[in-house]
Amino acid sequence: MGERPLLIFVSDLHLTDSLHGNAVSKEAQFKRFWERIAVVKGQRPAELCVVGDLFDLVRSPSWFDGRHRPYHGANQNGVVKQVETIVDETIKREQGFFDALKAKISSGELVFHYIAGNHDRLLLTAPVAQQRIANALGLAKLVLHKEMEFRDHGVLAYHGNAGDAINASPDGESTIGDAIGSELILRFPTKLRALVGADHPGIEEIDDIDDVRPVYAVPAWVRQQSAIRPELFKPIRQVWSEVVDEFLANDFVSRWLKTQHKTFSLDLGKKLRLLLELSRNRVIQHGSDERMTQLYRFIQHGFDGKMAALAATELSRRRGLRYVVNGHSHFPSMQPLGRIGDRPAAYFNTGTWRAVHQIGHDLGGRPSFLPYDAMSYLVFFPTDDKLERDYEWWTGAMVSRK
């Protein structure tokens, strides 16, 4: 192993042009983060690798200003132009964060790497937007990677959506996750405001739908909102039912459901349709919630471990590596993968730097949610670290009193 620098991994900041953000700004998060990094950086520049979804180009309400959607062809001129607009507005909105990052890059204290995720994959076909990001960071050019190997640290890094059937995009094509983000998660609060008024008390909290994780828990979250906000019970149910109907009738969604069809099997398309149908059931509320809970457990059981299993497969194919780092799920994780030679191998999920509404199950068996602001990062230390550390994995959550 050569003389290695401090290497840091973060992911899933999901910078947006208009949706609400964390209680703590990204600029303040970065300042807090850098105070720790500066102490252990050493003399060499630290290296920061963003493992996908620095930008969220899918969940921008501005898509509804025109006829194009994020799940349309990435090379379409209208899609590319919209990506440019979203990037411009996001940089303007998060100017303090980009200025702070640019200062560290320009001073030579930090080297920046960027791996594309599923929410910022549209950057790959938008060279003008890439250059505007490069300018915001003080770089001559922005290089977007699909994966990276850091041989001195024994690390393979990629975003992680390959292990998620809803968002897997091996060839960079659109996914059903893009349509869910646009036609369900974005459209729901937009239509609800149109019905009850943008100044309705508490309506801004409906935007929290964008923070629900995992994404397939959105229908349960909508049902919960209709139960805890009695004055919005009927409007929420009405709008959600309309949005579900429109989603299922969408041409892109219809084609995807057909590709998933398996006779005599509860395929992914059937699971998604069943969750949506149960979420708008107005008659057997308690029974529907129990069925939804059972279905969530079934889906989660199939999803848990897929990323770690994929990581183990990748390490078996690549000599000289023993760590895999990815993001995507927004849930930080560290899992052992056995031993490679005489040393342990591990899988890491770098979590997120944004708000999360995490699904759980209450004492009655119904889905419930815990909201918190998250911040996680993984650090591999330089060769001359005084404490002889290999790596540290940091994860934290802040829960508001409100």
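This report describes the overall dimensions of a predicted protein model and then several of its elements and residues.

The model is predicted, with residues numbered from 1 along each chain as its sequence is written, and its side-chain values use heavy atoms, with hydrogens and water left out. Local features need pLDDT of at least 70 and side-chain atom pairs count only at pLDDT 80 or more, whereas totals for chains, interfaces and linings use all residues.

## Overall dimensions

The protein has 11 helices and 13 strands; helices (H or I, at least four residues) and strands (E, at least two) are DSSP runs numbered from the N terminus. With 402 residues, a compact globule would have a radius of gyration near 21 Å, and the 21 Å of the protein agrees with this. That radius is taken over C-alpha atoms, and the globule rule is 2.2 Å times the number of residues to the power 0.38. Taken along the principal axes, the box filled by the C-alpha atoms is roughly 65 × 45 × 45 Å.

Of the 402 residues, 54% count as buried. Buried means under 20% relative accessible area, exposed over 50%, and partly exposed in between (1.4 Å probe, protein chains only). The protein exposes about 18,100 Å², of which carbon and sulfur atoms supply 53%; accessible areas come from the Shrake-Rupley method with a 1.4 Å probe, and for residues only the protein chains shown count as cover.

A contact means heavy atoms within 4.5 Å. Among the contacts with a separation of 6 or more, residues 24 or more positions apart account for 71%. As for charge, the mean positions of the 51 positive and 50 negative charges are 3 Å apart. Lys and Arg count as positive and Asp and Glu as negative, while His and the chain ends are not counted; the place of a charge is NZ of Lys, CZ of Arg, CG of Asp or CD of Glu.

## Helix H2 and its partners

Helix H2 covers residues 77-93 and has 17 residues. From its first C-alpha to its last, H2 reaches 24 Å, close to the 24 Å expected at 1.5 Å a residue; the expected span is 1.5 Å times one less than the number of residues. The buried residues of H2 include Val79, Val80, Val83, Ile86, Val87 and Ile91, and Gln82, Glu84 and Thr90 are buried in this helix as well. These buried residues pack against helix H3 (95-106) and helix H4 (127-137).

Isoleucine 105 lies in helix H3. Not counting residues up to four places away in sequence, isoleucine 105 touches Leu110, Phe112, Leu137 and Leu139. Its C-alpha is 22 Å from that of lysine 146, which is 41 residues away in sequence.

## Buried residues

The following table lists relative accessible areas of individual residues.

| Residue | Relative accessible area |
|---|---|
| Aspartate 12 | 0% (buried) |
| Histidine 14 | 5% (buried) |
| Arginine 59 | 3% (buried) |
| Isoleucine 105 | 12% (buried) |
| Leucine 232 | 0% (buried) |

Aspartate 12 lies in the loop between strand E1 (7-10) and helix H1 (26-40), and histidine 14 is placed in the loop between E1 and H1. The phi of aspartate 12 is near 55°, a positive value in a residue other than glycine. Histidine 14 has a positive phi of about 50°, although it is not a glycine.

Arginine 59 is found in the loop between strand E2 (46-51) and H2. Leaving aside neighbours within four places in sequence, arginine 59 is in contact with Leu19, His119, Gly181, Ile185, Leu186, Asp210, Arg213 and Val215. The C-alpha atoms of arginine 59 and leucine 101 are separated by 24 Å, the two residues being 42 residues apart along the chain.

The bond from arginine 213 to proline 214 has omega near -5°, and proline 214 is found in the loop between strand E7 (212-213) and H6.

Leucine 232 is found in the loop between helix H6 (218-228) and helix H7 (233-249). Not counting residues up to four places away in sequence, leucine 232 touches Val196 and His200. Its C-alpha is separated by 39 Å from that of phenylalanine 264, 32 residues apart along the chain.
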